[in-house]
There are 4 protein chains.
Amino acid sequence: MLKIGLIGFGYWGPNLARNFNQNPDLELAAICDNSSDRLTLAGKSFPETKLLQDIDVFFNGTELDVVAVATPVASHFYLAKRALMSGRHVWVEKPITDHVEQAEELIGLAMKKNKVLLVDHTYVYSGAVRKIKELIDKDELGKVFYYDSTRMNLGLFHQDVNVIWDLATHDISILDYLMPIKKVAVAASGCFYLGNGICPKSLLTIYMESETMAHINVSWISPVKMRQTLIGGTKKMVFYDDNEPSEKVKVYDKGIDFDFSKEDLYKLKVLYRVGDMRAPKLENHEALALETRHFVDCVLNGTKALTDGEAALEVVKVLVAAQKSLRSSGTLVKLE
Amino acid sequence: MLKIGLIGFGYWGPNLARNFNQNPDLELAAICDNSSDRLTLAGKSFPETKLLQDIDVFFNGTELDVVAVATPVASHFYLAKRALMSGRHVWVEKPITDHVEQAEELIGLAMKKNKVLLVDHTYVYSGAVRKIKELIDKDELGKVFYYDSTRMNLGLFHQDVNVIWDLATHDISILDYLMPIKKVAVAASGCFYLGNGICPKSLLTIYMESETMAHINVSWISPVKMRQTLIGGTKKMVFYDDNEPSEKVKVYDKGIDFDFSKEDLYKLKVLYRVGDMRAPKLENHEALALETRHFVDCVLNGTKALTDGEAALEVVKVLVAAQKSLRSSGTLVKLE
Amino acid sequence: MLKIGLIGFGYWGPNLARNFNQNPDLELAAICDNSSDRLTLAGKSFPETKLLQDIDVFFNGTELDVVAVATPVASHFYLAKRALMSGRHVWVEKPITDHVEQAEELIGLAMKKNKVLLVDHTYVYSGAVRKIKELIDKDELGKVFYYDSTRMNLGLFHQDVNVIWDLATHDISILDYLMPIKKVAVAASGCFYLGNGICPKSLLTIYMESETMAHINVSWISPVKMRQTLIGGTKKMVFYDDNEPSEKVKVYDKGIDFDFSKEDLYKLKVLYRVGDMRAPKLENHEALALETRHFVDCVLNGTKALTDGEAALEVVKVLVAAQKSLRSSGTLVKLE
Amino acid sequence: MLKIGLIGFGYWGPNLARNFNQNPDLELAAICDNSSDRLTLAGKSFPETKLLQDIDVFFNGTELDVVAVATPVASHFYLAKRALMSGRHVWVEKPITDHVEQAEELIGLAMKKNKVLLVDHTYVYSGAVRKIKELIDKDELGKVFYYDSTRMNLGLFHQDVNVIWDLATHDISILDYLMPIKKVAVAASGCFYLGNGICPKSLLTIYMESETMAHINVSWISPVKMRQTLIGGTKKMVFYDDNEPSEKVKVYDKGIDFDFSKEDLYKLKVLYRVGDMRAPKLENHEALALETRHFVDCVLNGTKALTDGEAALEVVKVLVAAQKSLRSSGTLVKLE
């Protein structure tokens, strides 16, 4: 039984606590939050867990094998570092940090201390994304040449970061998992109409190798909630709508072929292919539950984490470049 | 009774012919197409209309008050110019041309000859777009600060122009009609994976004055058909889904307010406002029928065309800038 | 080239005229309607067709091989009989008549005169219904044990017949085509709140052999348009939504199995089976165009009509029984 | 602080436990279930609650003010009676019992003992149903003349009762709440194809006074989940789709009017009225949380329960009549 301590019981923390509590290999030993109201609420659901406001007592006065960090981004680095330094395995919310160097330092530290560092890119553990990965790996889609995602809602406005750090993070981690193609450059544009320097609506273009491309449209100021992702392959195409209660993933036997027999490429004949649509059955697990089991497996058996520090660093690099582009009216920013 | 002649009986031409034929003030006098198969088809539906393959006979040997041009973009300029030069009023398909100078020449010529020049930006005449215009004019939305549109399908692939000339044209004309705010610069990125120099999927950002912005996502290679437009105002927000058979326009009494009483702008309190949604009743006319009546009114009564040469020129300027940006990996292109 | 004459150019007549006109083997020789306004409209689209107000001139003074009847139900019998008596093949709108004896007389007459009698149960010719038929014939659904349909809209209120004669007619003909199982009895209930003896909303239960059952819910007073049909098979189940622009037919690999190994049937174990969903590609023809070709084939080659008099009589028998039940508060009415 | 004890921790029990636990006026003192597995699970979420397998210890050896019964229907009567006899207030799951006399006995007992008897007809406490009630009470819909509901899914098959006791219960309680019009008679038809005497798909017609009618279509064997209710009023109509994540209730300014100026009623002119659609903002509470607060209010302040024994008895009467009709092929069964 691994003793796990959670820092942060705000918006996402309760979901972590519930999943940690339900995992048979974890004991939710402590929850730390600087709000006494939040701790009272936590106590109602987890009466046997130690509740702390003092972070030093959490780190020094509590027996813990694992620390989970679910605080605002700005404090991730400090807390994850302190957890690793004190010999604990670490689960940290996405994005790992907002600085490339900090992510690199955490990766190095985890390696040196021989501890697990898992970043909570939840979607990678969802039934829908894993099914799409399976389709790509089995070459059902053919060569995948675009990823196009719209992720919008009204709210959960952050006041310290632009929308890309909140919402595009999901898409970049999904993109990395599904299409591990080298990314070349990033451009981002966005609305700053609020006048407070925060961008609540942004559009990213990620240029990748092999003429592959990603378009990511994120917003906190949409009247309707949208989570629609299109993935174009030469054989088949996928429409993944996370708002659908069932049939989230639809695989279309559709495409465009060209008749290259003509000599003049500009007059080539376009052939549309339209066949059946199939919505494969998805695993019905809660993504966080699967992720928790995977994390436990990493800690106990040394399995490599699917969303480890390196994977998270890739996401940060893209976000940092996008942020730079966003601040210079969409100038293309090369990746290393 | 105005005698109208139509050049081009391809994809869109039959819709024009049907609407011209049903208008009580127009007589569909001639149809010209270089394909005899298309002319045979036209004859089946319009047995009393003169059918011609020879463009010279069309222009010189036929009594016509008005000429409608529904051919590929490359020939618009030549045909519209010839029609104006020969003293006819002109209806021309969108986009008017793909060169700014050509559009300017046509505008000058129409003025000199005192003829109507209407460009068929059909959506401007639809019940949905007109209702949104009415909402904006009555200040129901407050200050409008973004336009976000996704217009995708599989196909009707053009082989001579990029997707922006086909699909983004619709959005730019709608945007101009709804939000006549000065546009400052354009950036566009796109997929060129086909290897033939044609971009079938593109994403545009249009920077406008007053921190206003448009994001336009167009594609010929989507497995699903989408025509979704979001319009964000400070008072209300609109979701316009042209795929919906009814209730195409939904007006959300939703928004974000800020509590500016705090001194620190970065800590301002965000207030979400969520009220009713309303789908106003829309006029149930066919857009082309209304546009045809408007065109007749312009010709007979000298009314100014809503989508005249100047309006069409604005669209071309944006498309030309977008095309330039598209070819230079999304570099920002200023609009003079 | 068969000369066809159409009687009735009201709501549905124009669709027939357009399809007859486009069929290469038919010449739309005459249209008869007692409204001169409707004839003027017809003339606009079919300038070469003879337009008549006088039914005697239509029957006696016009060279016709085929007569199509698209008038209110009450006149179907008289007009179809006159057409057969005068030696013409007959296309008649659904329902063939509202009296069993009249339908029987028309069937007998067509046989005696050796003429084709086709009743326009259009849905039977649609891509969606034909695909479902194919699935059933290939035993993909297993034993089919229920048909459940909801067909609602606002309007097209008839003033002479109850809603069942208008809308349930569609479902009964689809049901007969898909599931040719002997029907045993019918019950129908309905709203009569209007106070004029007309029922605008009704619900039918059709008891069939082998514990099979159909539930049909029809209404002219629904604020939303619905055309949803569920078909339950022991292997798979179908959801057919005719409002969907594409993917009208969805085949669910879902079902319930029982573990009959237990001795006590009342305690049997229920096993849910949930697999993929598949939306097969449908033929993209207009149903009426296919039906017109089939009708021509019947006339020219003696092919048996899919929706002939006998098929139409089956529908009438069910409707007559439903009508009787409707008027006696849902009493079960046996079908001989 | 009221001490509440819960009997039954199966499908629905955990939701009750969670809501009771979160209510500030309730202490979840005991949970009783005859499965030790279920009790272990309960202990994980409610570590401070007493867990019991012995019902006698629950009733006699535990200090309880209130008892909640969430067991199969057959045991409701015995357990609710025992709770009332022992002086506790009672919360019992729907339907209260499956015998009219038993429901009457419980009502009498609660009155005699002066205890609260609340039956958990949850939907009556939902934001959607309460909003519709508000619209009816404010006469926005005019005279309401039909209720039409489709409630389907795959599964949660009961093995002791027909589907009407599970699903139609919801609709009858909603109907009673929204439209308290005297019910006259019931007819029900259903599938019995399983061969075990259980009907998994049924269709009810409820005849009410003033030409008002309800049609209720329920099924455990549908491949798709549906929860669609139409409510027709003379002024406006409602479409309530409980599957929608937001905008569950849509109010249509649609209807049919008649021009009664004509003398012949059968030739009256039908006028369609089509206006805006409005989706009013709904209260965003969990229905069970509101119901729990209401229950506490009844116990502490003597407020009359909205879904008390009498309301529940009305539902049972209709279900018993429907059951009788179902077993005699849909014969109309009068209500007292």
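Is the crossing of H1(C) and H8(C) left-handed or right-handed?

Guide: The model is predicted. H1(C) and H8(C) cross in a right-handed sense. Here is the geometry behind that. Helix H1 of chain C covers residues 13-22, and helix H8 of chain C covers residues 287-301. Their axes come within 9 Å. The crossing angle is roughly 60°. H1(C) and H8(C) therefore count as oblique to each other.

Now the residues. On the H1(C) side, Asn15(C), Asn19(C) and Phe20(C) make the contact. On the H8(C) side, the contact is made by Leu288(C), Ala289(C) and Thr292(C). By class, this contact of H1(C) with H8(C) holds three nonpolar and three polar residues, and no charged ones.

Chain B has a helix pair to set beside this. There, helix H1 spans residues 13-22 and helix H8 spans residues 287-301. The axes of H1(B) and H8(B) come within 9 Å and cross at roughly 60°. H1(B) and H8(B) are therefore oblique as well. H1(B) passes H8(B) in a right-handed crossing. H1(B) contributes Asn15(B), Asn19(B) and Phe20(B). H8(B) answers with Leu288(B), Ala289(B) and Thr292(B).

Next, how chain B sits against chain A. A rotation of 180° superposes chain B on chain A, with 0.0 Å of shift along the axis. The RMSD is 0.1 Å. The two copies are thus related as by a two-fold rotation axis. In chain B, the C-alpha nearest that axis belongs to Thr331(B), at 3.2 Å. Both copies use the same surface: 100% of the contact residues of chain B recur in chain A.

The contact itself takes 41 residues from chain B and 41 residues from chain A. Strands of chain B that give two or more residues to the side touching chain A include strand S7 (144-154), strand S8 (183-191) and strand S9 (201-208). Strand S10 (213-219), strand S11 (221-233) and strand S12 (237-241) of chain B are also among them. So are strand S13 (249-259) and strand S14 (269-279) of chain B. S11(B) gives the largest share, six residues. By class, the side of chain B that touches chain A has 25 nonpolar, twelve polar and four charged residues.

Chain A also meets chain C. Nine residues of chain A are in contact with nine residues of chain C. On the chain A side, four are nonpolar, one is polar and four are charged.

One more part of chain A deserves a look: its open sheet. Six strands follow the order S3-S2-S1-S4-S5-S6 in chain A, with parallel pairing. Strand S3 (50-52) and strand S6 (117-120) of chain A stand at the edges. Each has a single partner strand, so one side of each is left without a neighbour in the sheet. On average, neighbouring strands of this sheet are turned by 20° against each other, direction ignored.

Strand S5 of chain A, residues 89-93, runs parallel to S6(A). Four bridges join S5(A) and S6(A). Opposite Leu117(A) in S6(A) stands Val90(A).

Note on methods. Residues are numbered from 1 along each chain as its sequence is written. Chains are lettered from A and ligands numbered from 1 in the order in which they are written. This is a predicted model: local features need pLDDT of at least 70, side-chain atom pairs count only at pLDDT 80 or more; totals for chains, interfaces and linings use all residues. Copies are superposed by least squares on the C-alpha atoms of residues with pLDDT of at least 70 in both. Two residues are in contact if their C-beta atoms, placed from the backbone, lie within 7 Å. Ala, Val, Leu, Ile, Met, Phe, Trp, Tyr, Cys and Pro count as nonpolar, Asp, Glu, Lys and Arg as charged, and the others, Gly among them, as polar. Axes are lines fitted to C-alpha atoms, for helices over the stretch in contact, and angles run from 0 to 180 degrees between N-to-C directions. Angles under 35 degrees count as roughly parallel, over 145 as roughly antiparallel, 65 to 115 as roughly perpendicular and the rest as oblique. A crossing is left-handed if the near helix is turned anticlockwise from the far one by less than a right angle, and right-handed if clockwise. Two strands pair if DSSP finds at least two bridges between them.
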